[in-house]
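This report is meant to be read alongside the sequence and coordinates. Please keep both in view while going through the sections.

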Amino acid sequence: MYEFWFVVGSQLLYGEETLKQVERNSVKIVDALNASGNLPYKLVYKETIKTAEGVTTMIKEANYSDACVGIVTFCHTFSPSKMWINGLSLLQKPYCHFHTQFNLEIPNDEIDMDYMNLHQSAHGDREHGFIGTRMRLDRKVIAGHWGNSDVQKRIGKWQKAAVGAAVSKSLKVMRFGDNMREVAVTEGDKVEAQVKFGWQVNTFPVGALVEVMNEVTEAEIDAQIEEYQAKYVFATNNIDPVRYQAREEISIKKMLDSEGCKAFSNTFQDLYGMMQLPGLATQNLMSKGYGYGGEGDWKVAAMTRIIKSMGERSAFMEDYTNDLQNGLSLGAHMLEVCPSLAEDKPRIEIHPLGIGDREPPARLVFEGKAGKATVSSLIDMGTHFRLIVQDVECVKPTQIMPNLPVARLMWKAEPNLEVGTECWILAGGAHHTVLSYDVDAEILRDWARIMGIEFVHINKNSTPEKLELDLKLSDLVWKNA
Ligand code: MN
């Protein structure tokens, strides 16, 4: 299981008594953070570092530990930062500089020079900050008292981003077929994606999937149908197409698991030997944390998996059509929207697809929840990857839409539909996104920083005029990074 190391910077100058007090206080801070309920992952007090050799040894251990997915540093006292240079130059794990202080207030009557020497983070953390900046280390900086719940929550968010990075570094993506013909935005450099993100993206023949499908037993399908019955409303009496989706789901899962893949893509243009585009099958797999991208979009498949690992209620999404009168976007896909977004129990329905030349597939139909969310798109700029994130507000659908046979969400983009879309288009954001209720822009910014890629945030303060210049400058920086 994932853990984070809490490392305290100090030096030998203070003497044994003071250093013991530093350690006792630091353990109290870590215990309180763990007990707060605001950290999704355990923080482990590692040690109070006093020498350059100590820094190097600790960082080597952090690099090699599979459990440790990030380090948090704090300088309770002054820790001369030249002693950190050799160790920090080796660091391969996400890094958060937490500027806190054991005491919330200054004890005006008692304060003396001993107190000043012990509670020195105000200048200790500045020395520590300088060396991070001087070494150009990408890191998260969080300042505030460790007992403050907002501060605790920000550490928790950064932990999620670091876990997202760990998930990314070990992610395998299975591609069934290639990208949809002629589409630009779903393309990208898979070698560069592996260098940057660690993704192993490989293709597997649809024919191999069909062979696995042909071996699935009726008993396996019965068990899968029982799972559907427990989770969803059957809004059809036509069981055969549902059983066919069960067969597809079982087979896709077998292939993914046999290769250790946690995400996959397919395309309606390559369903050779299959009678239905996987709909319900893909949706139910996403509800179990697998990433998915339609039309061969392996980038969004990977991002769906990663963002789900940072917050469960996240899903592959597509901008479908606009309500320009009311400033709303309608998001859906042909079939494949994850039921983690659903307001009510999803319904299993069967309808013709309109494209793809296959039998009408069973799919889950539902409306999304209201609430704040983000949409994210990762694009390949040729020179580098750019993550574009937009703040959105999901709303209750204004109409019932009785003839629309897919899961759908409606949202208002920040700052509004027109300006928000102008910004999105200027930034090059795709029509495929990951929509998340649980992963906000701060977490995604932290994740992008850890991965070393460009980050663009479209929010209530965005204007196309300002964004245009920001994008030009940012592009210059990242082109040469
Ligand atoms: Mn699509």
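## Basis of the model

The model is predicted, with local features requiring pLDDT of at least 70 and side-chain atom pairs counting only at pLDDT 80 or more, whereas totals for chains, interfaces and linings use all residues. Residues are numbered from 1 along each chain as its sequence is written, and side-chain values use heavy atoms, with hydrogens and water left out.

## Domains and their interface

The protein is divided into domain 1 (3-169) and domain 2 (172-479), with bounds that come from an automatic or database domain assignment. Their C-alpha centres lie 37 Å apart, and 17 residues of domain 1 are in contact with 17 residues of domain 2, contact meaning heavy atoms within 4.5 Å.

Between them the two domains bury about 1400 Å², of which 55% is on carbon and sulfur atoms; this buried area is the accessible area (1.4 Å probe) that two parts lose on being put together, summed over both. Five salt bridges are counted between domain 1 and domain 2, each defined by a side-chain nitrogen of Lys or Arg within 4 Å of a carboxyl oxygen of Asp or Glu. The side chains of Glu442 and Lys157 form a salt bridge with an N to O distance of 3.7 Å. On the side of domain 1 that touches domain 2, helix H6 (residues 149-169) supplies the largest share, 12 residues, where helices (H or I, at least four residues) and strands (E, at least two) are DSSP runs numbered from the N terminus.

Tyr95 belongs to strand S4 (residues 95-99) and counts as buried because its relative accessibility is 3%, the classes being buried under 20% relative accessible area, exposed over 50% and partly exposed in between (1.4 Å probe, protein chains only). Beyond its neighbours within four places in sequence, Tyr95 is in contact with residues including Ile71, Leu88, His128 and Trp158.

## Backbone features

Most residues other than glycine have a negative phi, and most peptide bonds are trans. Arg136, although not a glycine, has a positive phi of about 55 degrees; this residue is in the loop between helix H5 (121-134) and strand S5 (140-143) and is exposed, at a relative accessible area of 67%. Glu295 also has a positive phi of about 55 degrees without being a glycine, but Glu295 is buried at 9% relative accessibility.

A cis peptide bond, with omega of about -5 degrees, joins Glu414 and Pro415, and Pro415 lies in the loop between strand S17 (409-413) and helix H13 (417-427).
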